[in-house]
Amino acid sequence: MQSAEAKEGQPEKKSRDFFKELIDREEYILKKRLPPRLPRRKNDVYVSRKTNLIAQLSRCQKILDSGNEVFVHGLGPATNRAINLALQLKERGLGTVEVSVHTSTVDLVDDLEPETDELEPETVTRQNSAVHIRVYRPDVQEAAKS
């Protein structure tokens with residue numbers, strides 16, 4: 001536990017509930033910033049809830065056929081869709097396609113813009129889960145060793 005003296009020296013950290021209450025009272029407007037993205041490569045596919053799953057599946061299949069690997073990225077609610085997409089690609093591969101999964105946590109920043117001139121703009125940081133899936137065709141030599 002920290003003493004009262006140590007707490008006085010630290011700047012006041014406002015809780016997430018404090019900002020949620022301000023938004024609920026309509027004193028601020030919440031504006032979500034875009035998440036940070038990795039450098040885009042030709043074989044990267046970023047999955048969202050809004051894009052057509054069949055179109056993403058055909059795009060991934062084309063990339064997989066031309067380059068032997070595709071990276072599928074999903075953030076937050078799109079993680080289920082990214083996993084589903086990778087599993088469908090594996091099923092279409094009829095045993096020739098492998099999957100490697102990595103998960104991470106991404107820091108996201110939201111802006112709170114005041115409704116009145118009396119208040120100052122604020123920012124809120126939150127975390128969201130992400131999944132990065134490598135769908136690839138292993139080399140013939142690697143498959144022979146297994």
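Guide: One term before we start. A residue is buried under 20% relative accessible area, exposed over 50%, and partly exposed in between. Asn68 has 41%, so Asn68 counts as partly exposed.
Visitor: Where is Asn68 in the fold?
Guide: Asn68 sits in the loop between H3 and E3.
Visitor: What about phi at Asn68?
Guide: Phi of Asn68 is near 70°, a positive value in a residue other than glycine. Most residues other than glycine have a negative phi.
Visitor: And Leu94, what is its phi?
Guide: Leu94 is not a glycine either, and its phi is positive, about 55°. Leu94 belongs to the loop between H4 and E4.
Visitor: Is Leu94 buried or exposed?
Guide: Exposed, because its relative accessibility is 75%.
Visitor: Back up a bit. What kind of model is this, and what is the average pLDDT?
Guide: The model is predicted. The protein chain averages a pLDDT of 80, and 76% of the residues score at least 70. Over residues 1-7 the pLDDT is below 50. That stretch has two contacts in the model beyond near neighbours in sequence.
Visitor: How should I treat a low-pLDDT part?
Guide: Where pLDDT is low, the predicted coordinates should not be read in detail.
Visitor: OK, fold overview. How many helices and strands?
Guide: The protein chain has five helices and five strands. Along the sequence the pattern reads α-α-β-β-α-β-α-β-β-α.
Visitor: What share of the residues is buried?
Guide: Of the 146 residues in the protein chain, 27% count as buried. As for contacts between residues at least 6 apart in sequence, 73% join residues at least 24 apart.
Visitor: Now the sheet. What is the strand order?
Guide: E1-E4-E5-E3-E2, in an open sheet of five strands with mixed pairing. E1 and E2 stand at the edges. Each has a single partner strand, so one side of each is left without a neighbour in the sheet.
Visitor: How much are neighbouring strands turned against each other?
Guide: By 25° on average, direction ignored.
Visitor: Which way do the E2 side chains point?
Guide: Asp44 and Tyr46 point one way from E2, Val45 and Val47 the other way. All of these are buried. In a regular strand the side chains alternate between the two faces of the sheet.
Visitor: Which strands does H3 lie across?
Guide: H3, residues 53-67, lies across E2, E3 and E5. Its direction is at about 145° to E3.
Visitor: And H4?
Guide: H4 spans residues 79-92 and lies across E2, E3, E4 and E5. H4 runs at about 5° to E5.
Visitor: Pick something on H3. Is Gln61 buried or exposed?
Guide: Gln61 is in helix H3. Gln61 is buried, because its relative accessible area is 15%.
Visitor: What does Gln61 touch?
Guide: Leaving aside neighbours within four places in sequence, Gln61 is in contact with Leu89, Arg92 and Arg137.
Visitor: Switching to arginines. Where is Arg33?
Guide: Arg33 is found in the loop between E1, residues 28-32, and E2, residues 44-47. With 44% relative accessibility, Arg33 counts as partly exposed.
Visitor: What is Arg33 in contact with?
Guide: Val109, Asp110, Asp111 and Thr123, leaving aside its neighbours within four places in sequence. The C-alpha atoms of Arg33 and Leu108 are separated by 7.4 Å. Along the chain those two residues are 75 apart.
Visitor: Rings next. How many aromatic pairs does the structure hold?
Guide: Zero aromatic pairs.
Visitor: What lies over the face of Phe71?
Guide: Arg41, at 4.5 Å from the ring centre. Phe71 is also the residue opposite Asp44.
Visitor: And over the face of Tyr136?
Guide: Arg134, at 3.9 Å from the ring centre.
Visitor: Great, that covers my list.

Key: Residues numbered from 1 in each chain as written. Heavy atoms only, no water. pLDDT = per-residue confidence, 0-100. Contact = heavy atoms within 4.5 Å. Helix = DSSP H or I, 4+ residues; strand = E, 2+ residues; numbered from the N terminus. Buried < 20%, exposed > 50% of the residue type's maximum accessible area, 1.4 Å probe, protein only. Phe/Tyr/Trp six-rings, centres within 6.5 Å; stacked < 30°, edge-to-face > 60°. Lys NZ or Arg CZ within 6 Å of the ring centre and 35° of its normal. Pairing = 2+ DSSP bridges. Axes fitted to C-alpha atoms, helices over the stretch in contact; angles between N-to-C directions.
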